There are 2 protein chains.
Amino acid sequence: MDRIESKAERPDKPVGGGRTASRFDLVLDTVARLLRRGAIGNLERIVSKMHPADVAKMLHHLNTAQEKRTVFELIKPDTSKATVLSELDEGDIGDVLQDMPAADIAMLLKDLPDDDQAYVITTLPEERSQEILKLMKPEDSAEVKDLLQYEPKTAGAIMTTEYFSLTEDTTAEEAIRKLQGAKDTGNVFYVYVTDRGEKLVGVLSLRQLLQVQPHTRLGTMIKREVISVTTDTDQEEVAKLVARYNLLAIPVVDKENTLVGIITVDDVVDIIHDAATEDMLKMSGTQIEEEDVLMHSSVFQAVRHRVPWLLTNLIGSIVSGSILWFFRFTIEEVVALVTFIPVIAAMGGNVGLQSSTMIIRGLATGRIEQSDVKRVFAREVLIGFLIGLLCGGVTLAFAAIMHINLHLGLVVGVAMVCALCMSTSMATIMPVVLKRYGVDPAVAAGPFVTTANDITGITIYLSLATTFLSYLK
Amino acid sequence: MDRIESKAERPDKPVGGGRTASRFDLVLDTVARLLRRGAIGNLERIVSKMHPADVAKMLHHLNTAQEKRTVFELIKPDTSKATVLSELDEGDIGDVLQDMPAADIAMLLKDLPDDDQAYVITTLPEERSQEILKLMKPEDSAEVKDLLQYEPKTAGAIMTTEYFSLTEDTTAEEAIRKLQGAKDTGNVFYVYVTDRGEKLVGVLSLRQLLQVQPHTRLGTMIKREVISVTTDTDQEEVAKLVARYNLLAIPVVDKENTLVGIITVDDVVDIIHDAATEDMLKMSGTQIEEEDVLMHSSVFQAVRHRVPWLLTNLIGSIVSGSILWFFRFTIEEVVALVTFIPVIAAMGGNVGLQSSTMIIRGLATGRIEQSDVKRVFAREVLIGFLIGLLCGGVTLAFAAIMHINLHLGLVVGVAMVCALCMSTSMATIMPVVLKRYGVDPAVAAGPFVTTANDITGITIYLSLATTFLSYLK
């Protein structure tokens, strides 16, 4: 099996998903049992039948580093081992490679594409990765070092330098012959065409190559307007372009338009997954880049990632509470007012969360552009007003009946309408303003908007109540 | 330009993104200005230079249906028009096709792959789509009708029947010749191999085909364990498989394992995007399948989509409020207690939101399996306890200082610890239980968990306060 097979083109036997939704749990149970019994022979047989992606997933779900190492050692041949490695996440890589000599790791890595080599190496401690780089073949380690020099999460850091490119004056026939002789061509979806100075000038598909006359020169058949990114393009931007233009791979060029690498769609799929996860976690007020750190780090690390926003919100909620304390004389006069404090606060928070989620996702996917903001704002405030009328009406009726006090109902109802208009407008504006100042809008939603809305909602409600206090008694 | 070019292989000049983040707004402004001035010639020139995906995006952001129609009419040639159409969403398709005769629509559609034809047709009113189907070539309309019969959001409904398959006894040489002669082969990444009964038996990549001896029979070189889905597989399941196994396309078979279609990775990218959006909106308590309906439907429709959960939460918050009312004598005795009602409620909600977001996303991406649930639960409750100690400590100090009442501080602090343990455990269990009963866990998070946590938090707090009331005064 050559290196090519390790990427994107090996439809081995899958374990999870599809018609077999619960089969993964079954396999995991079996493996755990065999591990406990030390039934290495059986284990080896199971592992050999699994797709590397499934082996990686299974390793991830095993409980101890020792178990992970035992199973990892059973993977045959080494190329599969390497593929499994490239599919693991940081913590798991650390676990399985913990005791492995650097020379063995260097041997394993040689079967991977350079982007995967770089990925595995960045997850290891600095000292270890240096040692491994020294033990690799000079040309391999040079490639990996090149990749490592780019900022993380940029096109340069995630690209592979294993692409297939030819010059403009190559004929279709020669191109096919070169392709047949090439080794590292796992990612050939497009043939990139450069001039003699290695500047990217065009692109054509493998299929096009097959459908023209043998003597046609590539220069005459290429698309010259190539969608490309530079090495410093953010990976989420790369993902957007690949998604928008339905590409299978996107070329990466340096500042002089020299072709230096490509990023393939399978990596883009991962980026999209991770970006969505990151946004969701941010919206829940968790300061974290990868879900994995959150679920598999120590409990103390997890607390550290979750506390910063919580403390901000703690202060916010103490402000809400202090406002209640400020209005304590009003509350003492009409205790029934307390009944609607959670109602006003909760509805303001919830309606705001709906608005900000929509805006944030719209900004992230490009469905909402800066030019749409005014329209979206007006629309959201109107929606807030209508929902306020509806919920305010329900609350009014409830207050009037429960406390036999129509005036209380009117105060609560009017406060609800005002609070929801405020809440939808804040929830719309805040992400947009943050985005304009370069802050990720996702951090604005969730707890932050909710707390701000708590404060304004309660203030509106109790100010109104105080103003009309004589009617309420 | 043939049909092939309309998919995945046309790197035209891109407008948005990359180094030109704000260029899209610029183009949109220019187009809007030219539309107002009626400068059709200039408009046509701009549109002709744009990539169809960008034209589609621009149409989406224009304000009126009339403007959309005007710009759409300027797209040349008809194949580009068809591509733009397939990239639009439901509302926009309705706008641009509103006045177009059915015969013209049928003519436009013939340049699209059958899955895109089916997509456009499903967005049109029943009567219109029937008319168009009658006007299409019988073989085309038969294909589309086949696709339309599958349940929406299943593999059958989103697949294309335009794939490239050969029988086992074909030689590599013959295969290449057939590929060169084929017309509808835009999606050739893999060659699917069937037996004489059209049952799927294997797969090989286009590149493999080029690298073997011309007389090799396909049957001897194929991978026989093909990852496939059946026509009724849910589209999100399809996306998971394509992502996990890094596929470029996945074959779709019927119950007898007969190959009936394929789903390509570009469609999977869209599914992943939409699934993430759907989950986020659900987590914010919005009952909606597509963000688009939310942003571009009428205000009343938007309210209707957002109100159901809000009313549930309104009732929940009225329950919270009633609990306050139930404890009114305690509150009247120690008014300082009101200060910490929003604090306990908000923190319970926020910490719970963090937990449930992580669990829901973990379940959706497969990072958390049912077998991990116990471990995750224990972990989250411990995290809740630790965060409770921290936040409880801060609140205790604050209460003791602000109200010069250490006992009040102790009650608030202990209530915080209990509330956060409850909140993390509920937030962890609820999504898992819902998932087991086939309900989408995303609906459990956001407002629902928040409201439940409001109620328990307030109840814990005021029960404690009532129990130790004599110490608080």
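**Close-up views of a two-chain predicted model**

View 1. Among contacts in chain A between residues at least 6 apart in sequence, 71% link residues at least 24 apart. Two residues are in contact if their C-beta atoms, placed from the backbone, lie within 7 Å. This is a predicted model: local features need pLDDT of at least 70, side-chain atom pairs count only at pLDDT 80 or more, and totals for chains, interfaces and linings use all residues. Residues are numbered from 1 along each chain as its sequence is written, while chains are lettered from A and ligands numbered from 1 in the order in which they are written.

**View 2. Surroundings of A:Ile344.** The largest nonpolar core holds 285 residues, and A:Ile344 and B:Ile344 touch the most other members. Such a core is a set of buried Ala, Val, Leu, Ile, Met, Phe, Trp, Tyr and Cys residues joined through C-beta atoms within 7 Å. Buried means that 20 or more other C-beta atoms lie within 10 Å of a residue's own, with C-beta atoms placed from the backbone. Beyond neighbours within four places in sequence, A:Ile344 contacts A:Ala415, A:Met416, A:Ala419, A:Gly457, A:Ile458 and A:Tyr461. Of the 473 residues of chain A, 53% count as buried.

**View 3. The contact between chains A and B.** Here 114 residues of chain A meet 114 residues of chain B. The chain A side has 60 nonpolar (Ala, Val, Leu, Ile, Met, Phe, Trp, Tyr, Cys and Pro), 31 polar (the others, Gly among them) and 23 charged (Asp, Glu, Lys and Arg) residues.

**View 4. Domains of chain A.** An automatic or database assignment sets the domain bounds. Chain A is divided into domain 1 (3–158), domain 2 (165–264) and domain 3 (291–472). The C-alpha centres of domain 2 and domain 3 of chain A lie 51 Å apart.

Notes
A residue is buried if 20 or more other C-beta atoms lie within 10 Å of its own, exposed if 12 or fewer, and partly exposed in between; C-beta atoms are placed from the backbone.
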